[in-house]
Every structure is written in C-alpha cells, then in structure tokens.
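Please keep the sequence and the model in view while reading.

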Amino acid sequence: MKGCEEVSHLPSALLIKAIDEELPGGEAQEVESHLATCDSCRRRYQALRQVSGRIESAVAARQVELSSEQRTRLETELDARELAARAKPGASHVVRRLSWAVAIAAALAFLLLVAPQWRQSVKRTGSAAAAQPSAFEVDGESFVALPYSNPDLPLNTSHIVQMQVPVQSLADAGIVFEPISNEVAAQDRSVLADVLLGMDGRPVGIHVLASE
Amino acid sequence: MGNSVVGQADTLPLPSTTWKADYLQDTAVRRLVLEQYDRECVPLRRYLQFLGMDADSAQETVHEAFLKLHQHLLGGGDRANLRAWLYRVSHNLARNTQSAFRSSRTDSLPDVTVSGELASPAASIEQELLAEERNRLVRDAIGGLSAAQRDCLVLRAQGFKYREIAEVLNLSVSTVGENIQRGLEKVKELL
C-alpha cells in the first residue's frame, strides 16, 4: 500500500461529493481507485461519512406529532377551495384565492349567528338596507338580495362564487326556497348557487342554479 | 319571515356543461395534494423544526404550503419535483414569518426525544440516552453553522441532491457544494 507522501491527497470537497454520489462516473471511479490505495484519504472519507450519518440520524430523530385532525382540516379547506375554483371563468382569478373560501364560510356562519340581530338594527335605524330590492341584476344574471352586507358599498361583479348553499342557511337568512320538486325542499339539502360577494366580503345576493 | 323571497327552481338556468370536467380536474389535483401531504408532511415539518421553528409554527407553515401547492396545481403550475417545490415554498414562508429563522444559530431548539423508530424495542434506556446525547451534540454543532450551511446540511440529510437543494434555497449548485463541505468539516471538528 502506498504511503500518503507518495500521492497527492484528495480534497475534502471531492470526498464529500463522492459520498453524496455527486461526481460524474469518471471522477467517481478515480476517487474510488485512490481510496483503495491511500490510507489517509480513506480514513478522512470514512470520518466524513460517519459525520454525515450522525447528522442524518439527528435530523430523523426530530419528533413530529401528527394528528388526523390536521389532515382533515387540510381536506376541508381543499374542498372549499375547489368549490370556489368552479366559479365562472371570469371570476376564477378571484375565487381561486384561499381567502375567498374562508370568507364565504365565515359569511354563511354570519348568516346563522348575527344576521337576525343585524336586521333588527337596520329596521331601527332606517338604513338604506331596508330599501334594498328583493332582486337585482348583475351582468345579466338575476340575484335574490340577501338581507345583510353593507348596501352602501359598490358591487364588484367579479366576486361571484359558485357553491353549494344549505337550504337551511337560506331559510335562516329570510329566503324561502320553494322549488317545484318536493325533494329539494328538505332543510338538510343544499342547492348549487352563484353567490355575489360585496366589497366587504359578505354575500349580497344569490342566484340558485340547481338543486343538489 | 317578513322579507322572504321565493326562488323559482323550475326556471333557473342549469350549471355550465364544463362544470363536471372542472370538477374531475379539481378532484385529481386534490388527490395529488393529499398524496404529497401523506408523503412529505412529517419530513417537511421535521426540516422546519430542525431549522428552529416551534412545532405549532412548523405545522401552520406546512399547512399553508400545501394550500399553496393546491393553488399552484389548479393554476396549471409545473408538476416536476413537487417535493423540492414544497420545501422551497415552506422555507420561504418560514423565513418570512420567523425572525429566529434568520439567525445562524439554532441553539434554541427544544430537546428531542429519540423516536422509537430509531431504537430497537430491546434497546436499553442507557442506549437511548446515549443516542439522545449524540443527537444533541450534532444539533448543537449544526447550531453553530451559518444559516446557509445549516440549511444545506439538513436538506442533504433528508436525501436531497445538490441540484434540488440549490432549487429549494435559490443558490447555485457550486455554492451548495461549498456550504456542505464547510458545514460538514465544521461539524466534524466540533463532534
């Protein structure tokens, strides 16, 4: 076996690349041949490999706690985003943003929890909302007005989102959905609808497209 | 109710004919995102935690990264090497939100219990403690590196090739090689 003084030693960069299999075939072969004859370089190679292995072990030992709730949460948000993504093509650049799915969900929650009190407040103050028409047209599409959102804010016609809306939510908002078919009248059903969002992010109007 | 409005279901327009095709495409994207999540969630969170993020922040960052992946795919984004894409986005999200992340030191890392995967069932408590101590020394050594050296070494430890590390960290491949070399030699000296 050759002594170290008889050969030029390999730089660490080359040894590390050899460990990482980042050398082209020819160079890798040269390194391998050198290591077979040079004790010093082989020891350095093995020491670097050992350190690499210890780093890998330390990284792999990092404990990560997972729960099924985290995956379920992601699935729920993906569902909401895909509902939003199936909106009209003209509105897709808006509805494909994460915030909209969340905004719609929040708005529907608002329907159930806050809207009744808000409506009473409107009546007392005699706001313009009280005079809001029961139906209006945007870009040739008819919408049934929803009894909340700030009517003083201008409409933004690009904020139209197609989504499934629970019939119960519509009923709670003061909109009685009475389709011809008895099947969709059940309160646990939902309807496909275009929802027009106001500038404040809350639904202004709804256009029911079809039952579930 | 007083302000009730009646909708006429029989006169309402039907959904667009493209709706079903869109639905199928979106469902395929959703499936792909969840497949990636099942595969990469743990190593991705491990990476972020190893770089100094706390567990909750790492979880939120990974969640956001997967939502961005969904958006990326729905928008027709490149599907080549989604793993590197996820790490790059997560790394950037973490860098933007975590001031400690910019630090070159990671000595604020919490202690880590050695995973059961690493120790055999028959391993003695002494062996586990020894392994834990060895890992702590490695973490401390890595904590003394520059951020770039640390990032490169941790990604390397997770099986990334230099080209992929360069993509994740927005560095040249030669810079990645230099960071790995200097980082590894420094850790070797400290151990």
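## Salt bridges and helix packing

Arg73(A) and Glu77(A) lie four residues apart in helix α4 of chain A, so about one helical turn separates them. Helices here are DSSP runs of H or I with at least four residues, numbered from the N terminus. The two side chains form a salt bridge, with the closest N and O atoms 3.6 Å apart; the term denotes a side-chain nitrogen of Lys or Arg within 4 Å of a carboxyl oxygen of Asp or Glu. Arg73(A) is partly exposed, at a relative accessible area of 31%. Buried means under 20% relative accessible area, exposed means over 50%, and partly exposed lies in between (1.4 Å probe, protein chains only).

The model is predicted: local features need pLDDT of at least 70 and side-chain atom pairs count only at pLDDT 80 or more, whereas totals for chains, interfaces and linings use all residues. Residues are numbered from 1 along each chain as its sequence is written, chains are lettered from A and ligands numbered from 1 in the order in which they are written, and side-chain values use heavy atoms, with hydrogens and water left out.

Over all chains, the structure holds 14 salt bridges. Side chains of opposite charge can pair when their charged atoms come close.

| Pair | N to O distance | Helix |
|---|---|---|
| Arg71(A) and Glu75(A) | 2.7 Å | α4 (residues 68-85) of chain A |
| Arg73(A) and Glu77(A) | 3.6 Å | α4 of chain A |
| Arg136(B) and Asp140(B) | 2.6 Å | α4 (residues 125-143) of chain B |

Arg71(A) and Glu75(A) are four residues apart, which places them about one helical turn from each other. Arg71(A) is partly exposed at 24% relative accessibility, and Glu75(A) is partly exposed at 22%. Both residues belong to a network of salt bridges that also links Asp79(A), Arg30(B) and Asp38(B). In chain B, Arg136(B) and Asp140(B) are likewise four residues apart, about one helical turn. Arg136(B) has a relative accessibility of 30% and counts as partly exposed, as does Asp140(B) with 38%.

How do the axes of α2(B) and α3(B) cross? Helix α2 (residues 55-74) and helix α3 (residues 82-97) of chain B have axes that come within 9 Å and cross at roughly 130 degrees. Axes are lines fitted to C-alpha atoms, for helices over the stretch in contact, and angles run from 0 to 180 degrees between N-to-C directions. The two helices are therefore oblique to each other; under 35 degrees counts as roughly parallel, over 145 as roughly antiparallel, 65 to 115 as roughly perpendicular and the rest as oblique. Residues of α2(B) in the contact (heavy atoms within 4.5 Å) include Phe66(B) and Leu69(B), and those of α3(B) include Trp85(B) and Leu86(B).

Between the chains, helix α3 (residues 39-60) of chain A packs against helix α7 (residues 173-190) of chain B at about 90 degrees, with the axes 10 Å apart. α3(A) is thus roughly perpendicular to α7(B). Ala47(A), Leu48(A), Val51(A), Ser52(A) and Ile55(A) of α3(A) meet Leu184(B), Val187(B) and Lys188(B) of α7(B).

Helix α5 (residues 147-157) of chain B has nine of its eleven residues buried, so the rest of the structure largely encloses it. Among the buried residues are Arg150(B), Asp151(B) and Arg156(B). Gly159(B) follows α5(B) and has a positive phi near 90 degrees.
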